[in-house]
Amino acid sequence: MSAAFHGAEFCWMNGEVVETARALVSAMEPIHLGIFEGIKAYVEDDVNGRGKLNIFRWRAHVERLRRSAAVCGMKIAYSDEELLEGTRRVIGANGFDTNVYVQPRIWPRAGVEQEVHVVIPVWKFETLLGEGNPRFSKSRRFMVSSWRRIASDALPPQAKTWANYGNSALAQREAARLGRDGAIFLDSRGFVSEGTGACIMAVRDGKVVTPPVTASILESVTRDTLLEIVPPDLGIPVEVRDIVRVELYASDEVFLCGTGWEITPITSIDDLPLGKEYPGPLTKRIAEYYSNVVAGKIEKHKKWLTYA
Ligand code: PMP
């Protein structure tokens, strides 16, 4: 059996760099309220063409990890610095010098939920971003799921628990059965919520609209980044408001945004094609700019980068 996980030989577990095959948690641990984060480190090209890795918005992700833990009544025994040091060590141990995905995972322990296991696996990822990237512009036929997004007063989507992804997995499996590439949730009120692992943005008449936190969405770091950069830097207005399903059909462009999904354009929803051009011009501009921000090419946004 391969010792590596997604090609990564080592991960960090409870303060130590360990072989991924030895990063074991007992089957007797309660898993319902396991939590995690998804973080990306992108290569910044230096003058010599060598890669320098920067973690994008490390602080925001660690803050959300602690908020998720707090919602579940768990405390993470490691400081931000220790988690960062652990992340650096495990990237180094694997010898990674290209784009790296970092996914801190926290498990409660049986009977002592406050003493959690902390594991940091890392693996390489291929970006969708970059001019002319064929992965960006491939066709994506989405559907509105018949499953509603979990309601905040039942299982809060604002905490990044694994449990929430049961809801996402049902929607993804339904989409796959019906031959679609992905699903979009409505919330329990019937308003547009989010994707299965990303937030949603729609372009209507030159303006970007996106649902509010109260529409059962994860408080996405990428969404927050776009809210902060798109209006001032690109001159494109962004409005946070409830969106009804039919507005998606009438949108010029729809795209998903998230750490994993980056900026992902959608071709059609429920077989209704969106807009005149695919990928849409604003989606392309936003993706291009976002790719420059994460790669450290925009001086004023370098504050979001933590050297890995
Ligand atoms: N919604 C869900 C359900 C997600 O899993 C994610 C990915 N973490 C997002 C939105 C986007 O969040 P972020 O931009 O912080 O990755």
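How do the residues of the shell around the ligand divide into nonpolar, polar and charged? The legends below take up this question first, for a model that is predicted.

**View 1. The shell of residues around the ligand.** In this predicted model, the shell is made up of five nonpolar, six polar and four charged residues. There are 15 residues around the ligand, and those that come nearest are Tyr165, Glu194, Ser220, Thr222 and Thr259. The ligand itself sits in the largest pocket.

**View 2. Polar atoms facing the ligand.** A nitrogen atom of the ligand lies 2.8 Å from a polar side-chain atom of lysine 160, while a polar backbone atom of valine 221 is found 2.7 Å from an oxygen atom of the ligand. For threonine 222, it is an N or O atom of the side chain that lies 2.5 Å from an oxygen atom of the ligand. Of the 390 Å² that the ligand exposes when taken alone, the protein buries 96%.

**View 3. An aromatic pair between tryptophan 12 and tyrosine 78.** Eight aromatic pairs are found in a search of the whole structure. In the pair shown here, the ring centres of tryptophan 12 and tyrosine 78 are 5.2 Å apart and the ring planes stand at 75 degrees, which is over the 60 degrees required, so the pair is edge-to-face. Because tryptophan 12 belongs to strand 1 (residues 10-13) and tyrosine 78 to the loop between helix 1 (58-71) and helix 2 (80-93), the pair ties together parts that are 66 residues apart in sequence.

View 4. Most residues other than glycine have a negative phi, and most peptide bonds are trans. Tyrosine 278 and proline 279, however, are joined by a cis peptide bond with omega at about -15 degrees, and proline 279 is located in the loop between strand 19 (272-273) and helix 7 (281-294). Asparagine 14, a residue other than glycine, has a positive phi near 45 degrees and lies in the loop that runs between strand 1 and strand 2 (16-19).

Notes. Residues numbered from 1 in each chain as written. Predicted model: local features only at pLDDT ≥ 70, side-chain atom pairs only at ≥ 80, totals over all residues. Heavy atoms only, no water. Near = heavy atom within 4 Å. Polar contact = N/O pair within 3.5 Å; in protein donor to acceptor, adjacent residues only side chain to side chain. Areas by Shrake-Rupley, 256 points an atom, 1.4 Å probe, with all protein chains shown as cover. 1 Å grid on protein atoms, 1.4 Å probe; cavity = no way out; pocket = protein on both sides within 12 Å on 5 of 7 lines; lining within 4 Å. Sits in = over half its atoms within 2 Å of the grid points. Nonpolar A, V, L, I, M, F, W, Y, C, P; charged D, E, K, R; others polar. Phe/Tyr/Trp six-rings, centres within 6.5 Å; stacked < 30°, edge-to-face > 60°. Helix = DSSP H or I, 4+ residues; strand = E, 2+ residues; numbered from the N terminus.
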